[in-house]
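Subject: Structure handover

Hello,

Here is the structure I promised to pass on. Please open it next to this email and follow along.

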Amino acid sequence: MTRTRSVWVRADDGVGDWDARRQRITAGLEAGVDWVLVDERDVAKVRELGDVNVAAFRSDADVDVIGEAESDGIDATADAYIVGKDGEGDGTVDLPSDLSGSADLSTLRRDDNRAQGAYIRIFDEEYEGFAEAAARDAEFVVVASENWQIIPLENLIARIGDDTTLVAGATTAEEARTAFETLELGAEGVLLDTDDPDEIRKTVEVRDEADRETLDLTTATVTAVERTGSADRVCVDTGSMMDHDEGMLVGSMSRGLFFVHAETADSPYVASRPFRVNAGAVHAYVRTPDGGTKYLSELQSGDQVQVVDTEGKTREAIVGRVKIEKRPMFRLQAEVETESGETDRIETLIQNAETVKVATSEGRVAVTDLTEGDEVLVYYEDVARHFGEAVEESIIEK
């Protein structure tokens with residue numbers, strides 16, 4: 001799976017007055033950004049606007065303002081403090097010939113943990129070296145340049161990508177996309193400098209795309225569709241609307257999960273419920289965004305499940321409600337060819353209802369219309385699981 005990416009929005013006094021900064025912050029909150037970067041004096045104001053991680057440019061001149069805000073009961077402490085503005089990092093103060101004399105680096109190295117990050121504008125190779133030095137002590141290194149360029153970012157990813165959280169400056173969603181994809185690893189975050197709410201929203205969408213897992217789905221040949229009587233069936237109602245080609249991966253055996261469509265299609269029997277997947281019996285597994293599994297019986301409101309489309313692209317969805325009711329069931333059994341060329345049997349219990357549909361090589365098909373020989377879409381991985389985690393051991397499921 002890919003590393004988790006983050007979107008930061010710049011909203012310090014370099015981008016305008018408080019009204020302009022507030023509009024950026026509000027747009028970021030509505031879009032779902034991870035961090036806002038502000039001046040230290042504005043931390044309390046951001047806290048009043050909403051719940052978001054706050055990074056602040058370090059400034060000793062703001063101490064009195066902080067004390068006043070805290071006395072009013074407002075938390076004015078930032079989640080991270082950043083050095084470099086109006087200092088060596090942005091070129092206001094010249095870099096010393098010997099970096100051991102750097103004021104910014106000294107602040108990062110202080111035992112009182114006065115700063116956790118560094119902001120550095122990349123003017124030339126000397127500033128690349130400065131960023132590399134900062135990465136040894138900084139939790140975050142935020143880099144920007146006047147003219148956005150790939151090569152400096154490539155160099156920094158290669159040199160410091162494992163030492164710190166590298167946040168690259170960007171002004172558009174496309175620049176953010178490139179930053180996330182550079183050298184395949186990409187930057188772990190982007191600092192977005194724009195007043196355009198649509199650009200902020202698009203950048204968050206790019207972040208989500210970069211974090212999403214893409215699965216290699218395959219087909220399995222149906223060998224049995226049998227009535228089994230009634231069982232406790234689980235409908236997973238999410239807080240998201242699913243598209244026509246989306247669903248969830250569920251099954252009785254964790255190594256082989258069947259693609260079950262969301263109820264996005266109208267039928268003569270019920271209206272569509274595109275937030276719902278009629279997933280199967282309580283014992284079955286459902287795949288989760290972390291690559292693990294959960295029993296359907298364990299799901300509850302607030303949990304996260306993985307939504308997948310027929311191309312294997314995934315995203316997260318929050319469970320809003322789980323409905324468990326006794327319903328007549330089918331036992332669906334299929335055979336999948338393994339990488340070694342052998343055949344493995346997988347199966348699941350699924351409700352006997354025309355509204356429950358699975359993905360096949362011929363398209364969406366109601367489980368009531370499935371027959372032996374049909375090819376259904378599945379996700380297969382030849383691993384065992386213990387408490388939902390993949391393990392290297394032999395487990396027999398039948």
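Phe57 stands opposite Ile82, which sits in strand E4. Keep in mind that this is a predicted model. Phe57 belongs to strand E3, residues 53-57. Strands E3 and E4 run parallel, and 3 bridges join them. As background, strands of a sheet pair through backbone hydrogen bonds, and the pairing can be parallel or antiparallel.

Now step back from that pair. What do the strands E1 to E8 form? They make a closed barrel of 8 strands, in the order E1-E2-E3-E4-E5-E6-E7-E8. The pairing in the barrel is parallel. From one strand to the next, the twist averages 25°.

Helix H7 covers residues 173-181. It lies across strands E1 (6-10), E7 (165-170) and E8 (189-192). Relative to E8, H7 runs at about 160°.

Two single residues deserve a stop.

Start with Val46, in helix H2 (residues 43-49). Is Val46 buried or exposed? Its relative accessible area is 0%, so Val46 counts as buried. Which residues does Val46 touch, leaving out those up to four places away in sequence? They are Ile25, Val36, Val38, Val52 and Val54. Also find Ala76. Val46 and Ala76 are 30 residues apart in sequence, yet their C-alpha atoms are 8.8 Å apart in space.

Then go to Asp86. Asp86 is in the loop between strand E4 (80-83) and helix H4 (103-109). Its phi is near 60°. That is a positive value in a residue other than glycine. Asp86 is exposed, because its relative accessible area is 56% and the cut-off for exposed is over 50%.

Now the empty space. Rolling a probe the size of a water molecule over the atoms shows where such space is left.

Take the largest pocket first. It holds about 490 Å³ of space. How many residues line the largest pocket? There are 20. Nearest its centre lie Asp208, Asp211, Arg212, Arg315 and Glu316. Helix H8 (197-211), strand E15 (304-309) and strand E16 (314-337) each supply at least two residues of this lining. E16 gives the most, with 5 residues. By class, the lining of the largest pocket has 9 charged, 7 polar and 4 nonpolar residues.

Then the cavities. How many cavities of 30 Å³ or more does a search of the whole structure find? It finds 1. The volume of the largest cavity is about 90 Å³. Several parts of the chain line the largest cavity:

- His261, Ala262, Glu263, Thr264 and Ala265 are among the lining residues.
- Ser267, Val270, Ala271 and Ser272 are also in the lining.
- Thr355, Lys357 and Arg364 complete the list.

That lining divides into 4 nonpolar, 5 polar and 3 charged residues.

Last, the whole chain. The protein chain has 398 residues, and buried residues make up 50% of them. It contains 8 helices and 22 strands.

Best wishes

Key: Residues numbered from 1 in each chain as written. Predicted model: local features only at pLDDT ≥ 70, side-chain atom pairs only at ≥ 80, totals over all residues. Heavy atoms only, no water. Helix = DSSP H or I, 4+ residues; strand = E, 2+ residues; numbered from the N terminus. Buried < 20%, exposed > 50% of the residue type's maximum accessible area, 1.4 Å probe, protein only. 1 Å grid on protein atoms, 1.4 Å probe; cavity = no way out; pocket = protein on both sides within 12 Å on 5 of 7 lines; lining within 4 Å. Points joined across faces, edges and corners; volume = space filled by probe spheres on them. Nonpolar A, V, L, I, M, F, W, Y, C, P; charged D, E, K, R; others polar. Pairing = 2+ DSSP bridges. Axes fitted to C-alpha atoms, helices over the stretch in contact; angles between N-to-C directions. Contact = heavy atoms within 4.5 Å.
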